[in-house]
Amino acid sequence: MNRSDSPSLSRELKREARVATLQDGASWRPAIGLGVATLLLAGAVYAGIATGFAGLSFPAQAEGSLLRDGSGQVRASAWLSQPFTGDGYFQARPSAANYDPMAAAGSNLARSNPALTERVAASTAAVAAREGVAPAQVPADLVTQSGGGLDPQLSPAAAQLQVARVARARGLPVEQVQALVKANTQDRQWGVFGQPRVNVVTLNFALDHAARAP
């Protein structure tokens, strides 16, 4: 190779290197653009449209199905169970999470675990004494924990067992309390799925309103 060819060869190599660098950068641009577009469309545009549609179509549910008192203060959510104290309230299912939305969980105890058997037996005796019935009359959902620990629903039988106590504590006619139970009973989903259930949170909220009514 002649020495005179070296500068031209060097320039050619540099030119090829620049072309390769430009092509490399060009191949990254579509990937970066696609990533940014996906982030904006899926993370911002879609979320904004879905949130806006939900707020317009289902305003109460989009806000969390919140229950407010007469002054507008939030007292509960219709879909999160919470503890109630006093004989004037219907009691919900026990909660392994202590009714804490940040710690939703079940007990994870197997049916063969002696600790579960002992706890259910103790809870059954306590509920039977509270309601003035025999232990055999206590529905299972009053003494067993739900999988998430936050379910506000009870079976109609479990709610009916508490009617007499609540009516007596509040000085209300049994018929009025039963009517409130019926008003807060949900049927099977679309008449097919699940079982009828009573929302304890909305039921207790309705009881408080009934007590304040003139």
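The structure described here is a predicted model. Arg93 is placed in the loop between S2 and H3. Leaving out residues up to four places away in sequence, Arg93 touches Tyr99, Asp141, Thr144, Gln145, Ser146, Gln153 and Leu154. Arg93 and Pro83 are 10 residues apart along the chain, and their C-alpha atoms are separated by 9.1 Å.

## Overall organisation

The protein has 214 residues, of which 26% are buried. Its secondary structure comes to 7 helices and 5 strands. Along the sequence these elements follow the pattern α-α-β-β-α-β-α-α-α-β-β-α.

Among contacts in the protein with a separation of 6 or more, 57% are made by residues 24 or more positions apart.

## Other residues of the loop between S2 and H3

Strand S2 covers residues 74-77, and helix H3 covers residues 114-131. Ser81 is found in the loop between them. Ser81 has a relative accessibility of 4% and counts as buried. Apart from neighbours within four places in sequence, Ser81 is in contact with Ala92, Tyr99, Leu150, Asp151, Pro152 and Val201.

Beyond residues up to four places away in sequence, Ala97 touches Ala103, Ala104, Ala105 and Gly148. Ala97 and Ser146 are 49 residues apart in sequence, with 9.8 Å between their C-alpha atoms.

## Two asparagines with positive phi

Most residues other than glycine have a negative phi. Asn98 has a positive value, with phi near 55°. The place of Asn98 is in the loop between S2 and H3. At 64% relative accessibility, Asn98 counts as exposed, because the limit for that class is over 50%.

Asn108 also has a positive phi, near 60°. Asn108 is found in the loop between S2 and H3, and with a relative accessible area of 74% it is exposed.

## Aromatic pairs and a charge over a ring

How many aromatic pairs does a search of the whole structure find? The search finds 2. One is formed by Phe84 and Tyr89, which are stacked at 5.6 Å centre to centre with 25° between the planes. The angle falls in the stacked class because planes under 30 degrees apart count as stacked. Phe84 is buried at 14% relative accessibility, whereas Tyr89, with a relative accessible area of 22%, is partly exposed.

Trp190 and Phe193 form an edge-to-face pair, 6.1 Å centre to centre and with 80° between the planes. Both partners count as exposed: Trp190 has 70% relative accessibility, and Phe193 has 52%.

Tyr89 also takes part in another arrangement, in which Arg170 lies over the face of its ring, at 4.8 Å from the ring centre.

## The largest pocket

Rolling a probe the size of a water molecule over the atoms shows where empty space is left. The largest pocket has a volume of about 170 Å³. Its lining consists of 12 residues, and Arg75, Gln82, Phe84, Phe205 and Asp208 lie nearest its centre. Phe84 therefore belongs both to this lining and to the stacked pair with Tyr89, and is buried under the 20% limit.

Which elements each supply at least two residues of the lining? They are strand S2 and helix H7, the latter spanning residues 200-212. H7 gives the most to the lining, with 5 residues. By class, the lining has 6 nonpolar, 2 polar and 4 charged residues.

Terms used
Residues numbered from 1 in each chain as written. Predicted model: local features only at pLDDT ≥ 70, side-chain atom pairs only at ≥ 80, totals over all residues. Heavy atoms only, no water. 1 Å grid on protein atoms, 1.4 Å probe; cavity = no way out; pocket = protein on both sides within 12 Å on 5 of 7 lines; lining within 4 Å. Points joined across faces, edges and corners; volume = space filled by probe spheres on them. Helix = DSSP H or I, 4+ residues; strand = E, 2+ residues; numbered from the N terminus. Nonpolar A, V, L, I, M, F, W, Y, C, P; charged D, E, K, R; others polar. Phe/Tyr/Trp six-rings, centres within 6.5 Å; stacked < 30°, edge-to-face > 60°. Buried < 20%, exposed > 50% of the residue type's maximum accessible area, 1.4 Å probe, protein only. Lys NZ or Arg CZ within 6 Å of the ring centre and 35° of its normal. Contact = heavy atoms within 4.5 Å.
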